[in-house]
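Dear colleague,

Please find below the structure that I am handing over to you. My findings are set out after it.

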Amino acid sequence: MTEVLLEKPFDSVALLRINRPEAKNALNGEVRRQLAEHMTALGTDPSIRAIVMTGNQEAFAAGADIKDMAEVGAIELMQRNNHLLWRAIGNCPKPVIAAVNGYAWGGGCELVMHADIIVAGETASFSQPEVKVGIMPGAGGTQRLTRAVGKFKAMLMVMTGQAISGTEAGQMGLASLVVPDAEVLDKALEIAKTISRMPPVAIAQIKEVLLAGQDASLDTALMLERKAFQLLFASADQKEGMKAFIEKRKPTYQGK
Ligand code: CO8
C-alpha cells in the first residue's frame, strides 16, 4: 500500500500519511480503499490505542479526485459504494486525530471531519468548494460541518466555496487546536501519545457515546452515557485507576 503510508512513531500509536503529492493528495479510489483498510485493521488491533492521519505540508487532501469522477454517471457513482469506505473510517473505534497542513478541501475537509480531534496549522486551508465544480459535498460536508460550526457558517462555506484558514477554523469550532504549521504533526502525535496512556476501554466508551449521543435526544444520550459510565465499573482499569490514585502512584492500564 503506497498511496497511504502506515508508520508506528511510537508504541500504541499509528500514523497514516496520505501519499499522492503529485495530485495534492486528491482522494482517488485507491487512497480511500487503503484508508478504509488501514482503519479497519487498526481499529481491531489491540496494540494500537490512537491513530493520527495526515498529509504533507502542502496538502492534507485537496478533495476527491476530480479526474476520477469528471465523466462518471450517477449509477456508476452509486455502484462504487464509496460510502462504505467512508463508513470504515467513521466507524473506527480507536481515537483518530487529524493533523492538518495545507489544503483540506472538499473530500479532504470531509475526511478531516471524520476524525475525533483536529489539529490544524495556522495557515492550513479548509474549504467545501464542490459547488464550484457543479456538485455539492457528498461525504458529510453538509452535515458534519453544520454540526461543527452551525448552520450559518456552514451555508456560507458550502454555497460560496470560500476557504478559511486554520486559525479561522479554530475560532469556528472546526479544529480542536491551532498551532504553528511546523508543529502540527508533533502536537497531534503528542496528543495521541497522551491518549494512548489512558485506559482504552474508557476511551472506546467515550468515543462511542459522544458520537452516538450527537444524533439522539438529550434524554437518550444521557441514558447512553449513564450505561457506559456504569459499564466501566466492570473494567479492571477502573479498579486500577482509582486504586492508583488512592495509593499515590501511576496507574498501569491493560485495556481490560
Ligand atoms: N482532483 C484531482 N487532481 C487534483 C485535485 C483534485 N481534487 N487537486 C489538485 N489536483 C492536481 C492538479 O490537477 C495538478 O495536477 P497536474 O500537475 O497533473 O496538472 C496537481 O494536483 C497540482 O495542483 P495545482 O497545479 O492545481 O496546484 P495549485 O497549488 O495551483 O492549486 C488547489 C492547489 C487550489 C488545491 C487546486 O489544485 C484546486 O483547486 N484543486 C481542486 C480542489 C477542489 O475543487 N476540490 C474539491 C473536489 S470535489 C470533492 O471533493 C467532492 C467530495 C465528494 C465526496 C464523495 C466522493 C466520492
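The notes that follow concern the domains, the interface between them and the cysteines.

Please bear in mind that this is a predicted model.

The domain assignment divides the protein into domain 1, residues 4–196, and domain 2, residues 200–246. Their C-alpha centres are 27 Å apart.

At the interface, 9 residues of domain 1 are in contact with 6 residues of domain 2. The two domains bury about 560 Å² between them, and 52% of this area is on carbon and sulfur atoms. As for charged pairs, 2 salt bridges are found across the interface of domain 1 and domain 2. Asp116 and Lys207 form a salt bridge in which the closest N and O atoms are 2.7 Å apart. The side of domain 1 that touches domain 2 comprises 5 nonpolar and 4 charged residues, with no polar ones.

Turning to the cysteines, a search of the whole structure gives 0 disulfides. Cys92 is in no disulfide, and the nearest cysteine sulfur, that of Cys109, lies 20 Å away. Cys92 is buried, because its relative accessible area of 2% falls under the 20% cut-off. Cys109 is likewise in no disulfide, its nearest cysteine sulfur being that of Cys92, 20 Å away. With a relative accessibility of 0%, Cys109 also counts as buried.

With kind regards

Definitions and conventions: Residues are numbered from 1 along each chain as its sequence is written. This is a predicted model: local features need pLDDT of at least 70, side-chain atom pairs count only at pLDDT 80 or more; totals for chains, interfaces and linings use all residues. Side-chain values use heavy atoms; hydrogens and water are left out. Domain bounds come from an automatic or database domain assignment. Contact means heavy atoms within 4.5 Å. Buried area is the accessible area (1.4 Å probe) that two parts lose on being put together, summed over both. A salt bridge is a side-chain nitrogen of Lys or Arg within 4 Å of a carboxyl oxygen of Asp or Glu. Ala, Val, Leu, Ile, Met, Phe, Trp, Tyr, Cys and Pro count as nonpolar, Asp, Glu, Lys and Arg as charged, and the others, Gly among them, as polar. A disulfide is a pair of cysteine sulfur atoms within 2.5 Å. Buried means under 20% relative accessible area, exposed over 50%, partly exposed in between (1.4 Å probe, protein chains only).
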